[in-house]
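Here is a short report on one protein chain. Please look over the sequence and the model before reading on.

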Amino acid sequence: MVSIEHVAHKILTYMPYVLVLIDMRYEGVKCGREGSVDNHMEMGKKLLAAGQLADALSHFHAAVDGDPKNYIAFYRRATVYLAMGKSKSALPDLSRVIELKPDFTSARLQRGNLLLKQGRLDEAESDFKKVLKSNPNDKEEKEAQSQLTKSDEIQRLVAQARSSFNSKDYVTTANQLNTVIETCVWDVTSREMRAECFIQMGEMGKAISDLKAASKLKSDNTQAFYKLSTIYYNLGDHEMSLNEVRECLKLDPDHKQCYSHYKQVKKLNKQIHSAEELIQEQRYEDAVSKYEAVMKTEPNVHHFSLLAKERICHALAQNQQASKAISVCSEVLESDPHNVNVLKDRAEAHVQEEQYEEAIKDYESAAQHSENDRQIKEGLERAQRLLKQSQKRDYYKILGVKRTAQKKEIIKAYRKLAQQWHPDNFQDPEEKKKAEKKFIDIAQAKEVLTDPEMRTKFDHGEDPMDPESQQGHRHHHFNEGFHNFQGFNPFGSGPFNFKFNFN
């Protein structure tokens with residue numbers, strides 16, 4: 001059995017060697033960490049030179065983590081951030097470099113340039129002045145002096161712009177801010193002020209551009225998102241309005257203005273989508289009611305009223321309510337005379353009302369603003385055929401029925417007219433001859449309008465009973481005159497099979 005004294009002797013004998021090994025291990029770790037930082041710095045430098053920015057950034061991250069006081073590591077990482085367009089991330093690194101090495105003029109000059117672009121003019125001027133006092137090289141001195149002069153000029157322009165804005169001289173303000181923003185491209189305040197000028201000037205597209213930039217430059221810019229949403233709303237773009245107000249609420253779910261606006265936009269958006277679904281389902285009367293509800297939900301924004309009336313015009317035209325459609329379409333075209341969709345819908349309604357010349361005018365007007373629209377081309381050709389047809393024989397007019405008449409109505413009208421104009425009812429030769437012609441027209445009209453294929457042709461401007469229109473198709477026996485009826489009773493068989501009941 002080993003004694004305690006023996007164990008103690010062994011420990012005392014080998015302790016110096018153990019301590020030496022521990023010390024060596026510590027020094028090895030220390031040297032390894034320092035070597036690792038150097039390796040990361042070298043690799044990062046090579047990757048940066050090769051343009052492999054993401055990989056370079058990873059190495060500089062590791063170098064900074066390995067040695068938080070290595071100002072070169074921070075500077076190199078800032079350089080990568082700038083190359084990647086991430087100025088927000090570069091700025092804290094440059095500040096850390098200056099904190100670790102206050103006389104590093106290159107870092108201070110770069111920070112001054114970033115601050116100038118952000119519109120932080122006082123801080124930028126401070127950096128440029130310190131560069132000039134720190135014995136810079138000729139290039140740094142020249143740049144710092146130039147940027148300091150520019151910053152002074154920007155300060156003066158900003159003051160003038162504020163004065164012009166307070167005087168409500170929005171055009172002058174916008175022009176002054178144009179010059180400011182050429183240099184201070186990331187200045188949120190200047191962009192928001194210029195956006196307000198554009199709003200007052202009615203240049204909404206430019207306002208949207210500035211506000212979108214401001215929403216990205218400032219991470220919690222709820223007001224920019226709210227303004228964007230209201231601009232889109234007033235332009236009648238409910239989808240974009242909803243998107244922007246949602247962005248506001250993501251940043252601040254309790255934002256009063258955004259939440260109130262969100263409820264209004266969401267309601268309107270839902271109504272419009274529902275109305276469009278009804279149109280797709282061909283439930284046109286319901287769609288009209290839904291769009292009338294849209295106008296009640298938002299009676300003050302002209303664009304939404306116009307949109308609602310445009311879609312009501314379409315629904316009425318599709319629902320064969322031609323007279324109402326023409327009235328609503330005309331109301332829209334007073335405000336928007338080049339609206340192609342409304343011109344097409346009104347043209348269709350004119351066709352339904354047999355107002356072919358008016359339909360042609362609308363289609364021609366629509367074609368001027370949409371040359372390659374196939375629907376316009378086909379509609380125009382159809383209206384022209386129908387006009388030509390109307391100047392010849394109109395089977396609907398012959399029977400005294402509307403173009404929307406059902407087969408039952410057509411047969412009823414035919415029976416009445418055939419009884420009235422049967423040649424046997426007339427004794428006078430001239431009257432009998434006139435009645436024969438009338439009777440043939442009535443019979444032809446009935447045949448065409450009760451045959452789905454022939455009626456479709458006629459509705460598209462082609463006369464199935466016209467040999468010229470048929471171009472080689474069979475000629476119908478009706479064209480050979482009333483005497484073809486001799487020998488059979490047109491009221492007893494064939495396509496005219498029905499009985500008259502006389503009291």
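Is Cys 184 buried or exposed? Cys 184 is buried, because its relative accessible area is 0%, and buried means under 20% relative accessible area, exposed over 50%, and partly exposed in between, with a 1.4 Å probe and protein chains only. Cys 197 is buried as well, also with a relative accessible area of 0%.

This is a predicted model, in which local features need pLDDT of at least 70, side-chain atom pairs count only at pLDDT 80 or more, and totals for chains, interfaces and linings use all residues. Residues are numbered from 1 along each chain as its sequence is written, and side-chain values use heavy atoms, with hydrogens and water left out.

## The chain as a whole

The chain has 24 helices and 0 strands. Both are DSSP runs, numbered from the N terminus: helices are H or I with at least four residues, strands are E with at least two. The chain holds 503 residues, and 42% of them count as buried. Take the contacts in the chain with a separation of 6 or more: residues 24 or more positions apart account for 51% of them. Contact means heavy atoms within 4.5 Å.

## Disulfides

A disulfide is a pair of cysteine sulfur atoms within 2.5 Å. By this rule the count comes to 2 disulfides. The table lists them.

| Disulfide | Sulfur atoms apart | Angle about the S-S bond | Hand |
|---|---|---|---|
| Cys 248 and Cys 258 | 2.0 Å | 95 degrees | right-handed |
| Cys 313 and Cys 329 | 1.9 Å | 80 degrees | right-handed |

Start with the link of Cys 248 and Cys 258, whose sulfur atoms are 2.0 Å apart. The pair links distant parts of the chain, 10 residues apart. Cys 248 sits in helix α12 (residues 238-251), and Cys 258 in helix α13 (residues 256-280). Cys 248 is buried at 0% relative accessible area. Cys 258 counts as buried too, at 0% relative accessibility.

Now take the disulfide of Cys 313 and Cys 329, with sulfur atoms 1.9 Å apart. Cys 313 lies in helix α15 (residues 302-318) and Cys 329 in helix α16 (residues 322-335), so this pair ties together parts that are 16 residues apart in sequence. Cys 313 has 0% relative accessibility and counts as buried. Cys 329 counts as buried, at 0% relative accessibility.

With bonded cysteines counted along the chain, the disulfides follow the pattern 1-2, 3-4.

## A helix pair

Two packed helices are described by the angle between their axes and the distance between the axes. Helix α17 (residues 340-352) packs on helix α18 (residues 356-369) at an angle of about 165 degrees, and their axes are 8 Å apart. That makes α17 roughly antiparallel to α18. Axes are lines fitted to C-alpha atoms, for helices over the stretch in contact, and angles run from 0 to 180 degrees between N-to-C directions. Angles under 35 degrees count as roughly parallel, over 145 as roughly antiparallel, 65 to 115 as roughly perpendicular and the rest as oblique.

The crossing of α17 and α18 is left-handed. A left-handed crossing has the near helix turned anticlockwise from the far one by less than a right angle; clockwise is right-handed.

Which residues meet here? In α17 they include Val 340, Leu 343, Arg 346 and Val 351; among those in α18 are Tyr 356, Asp 362, Tyr 363 and His 369. The residues of the contact of α17 with α18 divide into 8 nonpolar, 3 polar and 5 charged. Ala, Val, Leu, Ile, Met, Phe, Trp, Tyr, Cys and Pro count as nonpolar, Asp, Glu, Lys and Arg as charged, and the others, Gly among them, as polar.

## Loop residues

Most residues other than glycine have a negative phi. Asn 135 is not a glycine, yet has a positive phi of about 50 degrees. Asn 135 lies in the loop between α6 (121-132) and α7 (138-166), and counts as exposed at 75% relative accessibility. Gln 282, not a glycine either, has a positive phi of about 60 degrees. Its place is in the loop between α13 and α14 (284-297). Gln 282 counts as exposed, at 57% relative accessibility.

Asp 187 is in the loop between α8 (170-183) and α9 (188-201). This residue counts as buried, at 8% relative accessibility. Leaving aside neighbours within four places in sequence, Asp 187 is in contact with Lys 117, Gln 118, Gly 119 and Val 180. The C-alpha atoms of Asp 187 and Leu 115 are separated by 9.3 Å, with the two residues 72 apart along the chain.
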